[in-house]
Amino acid sequence: MKLSPEQQKALEAQKEQCPFCKIIKGEIPSKKVFEDDKVIAILDINPANKGHLLVMPKEHYPIMPLIPPETFEYLSIKVKQLSKAVKESMLVFGTNIFIANGAAAGQQSQHFMLHIIPREENDGISMFDFEKIEIDAAKEAEAYKILSNNLPRMLKEVYKRFPLQRETAGALGNRSRTAGSSGFNAGAKIGYNKEELLKIIDMNPQLKQAIMKNPMQFRQMIPQNPQLKQLFENIDVNEIIETVSGKKMADAIDSEFDAPQADSSFEHDIRHDDKFKQIQDIIDINKQTRTADERSYPEDEENEAANDNDKQNDEDYDIFDVIDGNPKLKLLLIESPDVLKNKIEELSALKETFGDIDIDDLREQVIQRDKRRKNRQENVDEDNEKKEKSDDIEGLLG
Amino acid sequence: MAECKICNIINKKVEAKIIYEDSAVMAVLSDEPTIFGHILIFPKKHHLTLEEIDDKIVTQLFYVASYTATAIFEGLGAEGTNIIICNGKDSSNRYPHLVVDVLPRKTNDGIDTKWEPKKITPEDMDSVHGRIKDKADIINLSEDEKKQTNSPQQKQLSSADELVYEEDNYLVRHLNRIP
């Protein structure tokens, strides 16, 4: 996960105030039981039990997804070793390891930490004695569908360490369509209210376009498409359409003064935002949407071309992925487009990729996109996909 | 183990909603959920405690837990997540097999993860501090150095983890409680 500059600034400010960073620096006294260059463990001032440890990375990370992989791995091993140390020193057979992500979960500090709590029989700690509840089967089935699609997809990099045992829809990796096409991810909450829905529409320009350009058609589409139907359940469609179209006027005026935003490239960025991939797919019902992954190998594209009718439309946005994933290619495009044009003639693979696209036009668009990209938050998945691709196409270019 | 419910899930003797499975770990939707979206992640090999599990698999468990928490956060619209490992005897563990619980949380969802801070005298705190520090200091030593510091009592305690229910060292514990 990367942070935008504003978020980065906020993080710096947070670090200054963080009492645990001060403890780590030594400005506030504490009972340290373990310290090395990455991780520190201290006794909790308000312990649940004698020997309650707080284990944290020395670097300030407010939430778990921000921790870099090496630190995270190191931390997990240390937790295991520290739990053993606690068991041996406190003469207990059980410990609880507890992580709270978010205030709703009981996170009390902005500095990510794990708790190791030694446990004994009748120690009075009941917070881990959970009760079982009844769950609505339909809701559960839906949650299962969402999670079993999304989780393997997210774990793509991590499951390479241990081979995958199940072919779930999400786990198929390179060849799969966007996870969204088989699961509904953008908020499995049943029933939105108007504000939330408007937010979702705002974040999905394609959806917005669909509503604005052809509200009548969109209205008809809703009952036919189960996912749209769910989105608009209990909501006045007309109200939404009015609000969205009303907004359009404001947007149109604003955009006159903005840097030219080629709509296709903006949509393209959002495509990589996990949450909203699903919404994009709802709109693309007639288009065959494909992930950037599927465009990774020129050989594959030859096969795809044979099967695929809508290739032309897709090329425009996928091409940006290919370019971004191949720094050499990008450099060539920006600095010497003529050389690139020649290469395209020479290599059939490149020809397939670029097809009939105007190289100069493409160059302009890439340059503009880059400018905007600098300010935008990038998705980790996107980075990983690019790494895979660049390994292959770089070889092709030589 | 015929008795272990989790092993039965791994061996497919029992139906379960498997979300993720690789050769080392598995993630399923709990069928005794504490809250909607409660997920269990466990290693395929039967172990009661985290300390028995191989480092690589421990790391894998944490990774899967971390990404599961993110998946829950995005997919189920949770406001927060809890990752809980009940590690060993008397740790409120529900199964004889190590399980990592991942719970989606929302404000006022009925689950309380606050504890009553125990009042511990400063002397007690110091003694606890010293004891844990001694044991924790060994962590970063090399294997050879570890063998030198390994006392018989330590060995006895580490193997105690593997015996499922053993009452032991109550006398020593008693000693430690005398102010």
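**The sheet and its contacts**

Modeller: To start inside the sheet, A:Leu53 stands opposite A:Ile116 in S5(A), and the strands concerned, S3 of chain A (residues 53-57) and S5(A), pair in the antiparallel sense over three bridges. Please keep in mind that this is a predicted model.

Colleague: Which parts of the sheet does H2(B) touch?

Modeller: H2(B) packs on the sheet and touches S4 and S5 of chain A together with S1, S2, S3, S4 and S5 of chain B, while its direction makes about 165° with that of S3(B). H3(B) also packs on the sheet, where it touches S1, S2 (39-43) and S3 of chain A, and its direction makes about 20° with that of S1(A).

Colleague: In what order do the 10 strands of the open sheet run?

Modeller: The order is S1(A)-S2(A)-S3(A)-S5(A)-S4(A)-S4(B)-S5(B)-S3(B)-S2(B)-S1(B), with antiparallel pairing in an open sheet. The edge strands are S1 of chain A and S1 of chain B, each of which pairs on one side only. From one strand to the next, the twist averages 20°.

Colleague: How many bridges join S4(A) to S4 of chain B?

Modeller: Eight bridges join S4(A) to S4 of chain B (residues 80-88), and the two strands run antiparallel. Within that pairing, A:Ile99 stands opposite B:Ile83 in S4(B).

Colleague: And what about S4(A) and S5 of chain A?

Modeller: Five bridges join S4(A) to S5 of chain A (residues 114-119), again with the strands running antiparallel, and the bridge partner of A:Thr95 in S5(A) is A:Pro118.

Colleague: Are the residues of S4(A) buried or exposed?

Modeller: S4 of chain A, which spans residues 94-101, is mostly covered, with eight of its eight residues buried. Both of its faces are covered, as A:Gly94, A:Asn96, A:Phe98 and A:Ala100 are buried on one side and A:Thr95, A:Ile97, A:Ile99 and A:Asn101 are buried on the other.

Colleague: Which strands does S3(B) pair with?

Modeller: Five bridges join S2 of chain B (residues 25-29) to S3(B) in an antiparallel arrangement, where B:Leu40 is the bridge partner of B:Val28. S3(B) also pairs with S5 of chain B (residues 100-105) in the antiparallel sense over three bridges, and there B:Ile39 stands opposite B:Val102.

Colleague: Changing topic, how many salt bridges are there over all chains?

Modeller: A search of the whole structure finds 19 salt bridges over all chains. One of them is formed by the side chains of A:Lys31 and B:Asp126, at 3.5 Å from N to O. A:Lys31 lies in the loop between H2 (19-25) and S1 (32-35) of chain A, and B:Asp126 lies in H3 of chain B (residues 122-137), so the pair joins two chains. A:Lys31 is partly exposed at 27% relative accessibility, and B:Asp126 is partly exposed at 45%.

Colleague: Where do B:Lys17 and A:Glu140 lie?

Modeller: Their side chains, those of B:Lys17 and A:Glu140, meet in a salt bridge at 3.8 Å, N to O. B:Lys17 lies in S1 of chain B (residues 17-21) and A:Glu140 in H4 of chain A (residues 137-154), so this pair joins two chains. B:Lys17 is partly exposed at 31%, whereas A:Glu140 is buried at 15%.

Colleague: What about B:Lys44 and B:Glu21, buried or exposed?

Modeller: Both B:Lys44 and B:Glu21 are buried, and their side chains meet in a salt bridge at 2.7 Å, N to O. The pair links distant parts of the chain, 23 residues apart, with B:Lys44 in the loop between S3 (39-43) and H2 (55-75) of chain B and B:Glu21 in S1 of chain B.

Colleague: Last topic: at what angle do H14 and H15 of chain A cross?

Modeller: The axes of H14 (residues 327-335) and H15 (residues 337-346) of chain A cross at roughly 120° and come within 5 Å, which makes H14(A) oblique to H15(A). A:Leu329, A:Leu332, A:Leu333, A:Ile334 and A:Glu335 in H14(A) meet A:Pro337, A:Val339, A:Leu340 and A:Lys343 in H15(A). By class, that contact has seven nonpolar, no polar and two charged residues.

How values were computed:
Residues are numbered from 1 along each chain as its sequence is written. Chains are lettered from A and ligands numbered from 1 in the order in which they are written. This is a predicted model: local features need pLDDT of at least 70, side-chain atom pairs count only at pLDDT 80 or more; totals for chains, interfaces and linings use all residues. Side-chain values use heavy atoms; hydrogens and water are left out. Buried means under 20% relative accessible area, exposed over 50%, partly exposed in between (1.4 Å probe, protein chains only). Helices (H or I, at least four residues) and strands (E, at least two) are DSSP runs, numbered from the N terminus. Two strands pair if DSSP finds at least two bridges between them. A salt bridge is a side-chain nitrogen of Lys or Arg within 4 Å of a carboxyl oxygen of Asp or Glu. Axes are lines fitted to C-alpha atoms, for helices over the stretch in contact, and angles run from 0 to 180 degrees between N-to-C directions. Angles under 35 degrees count as roughly parallel, over 145 as roughly antiparallel, 65 to 115 as roughly perpendicular and the rest as oblique. Contact means heavy atoms within 4.5 Å. Ala, Val, Leu, Ile, Met, Phe, Trp, Tyr, Cys and Pro count as nonpolar, Asp, Glu, Lys and Arg as charged, and the others, Gly among them, as polar.
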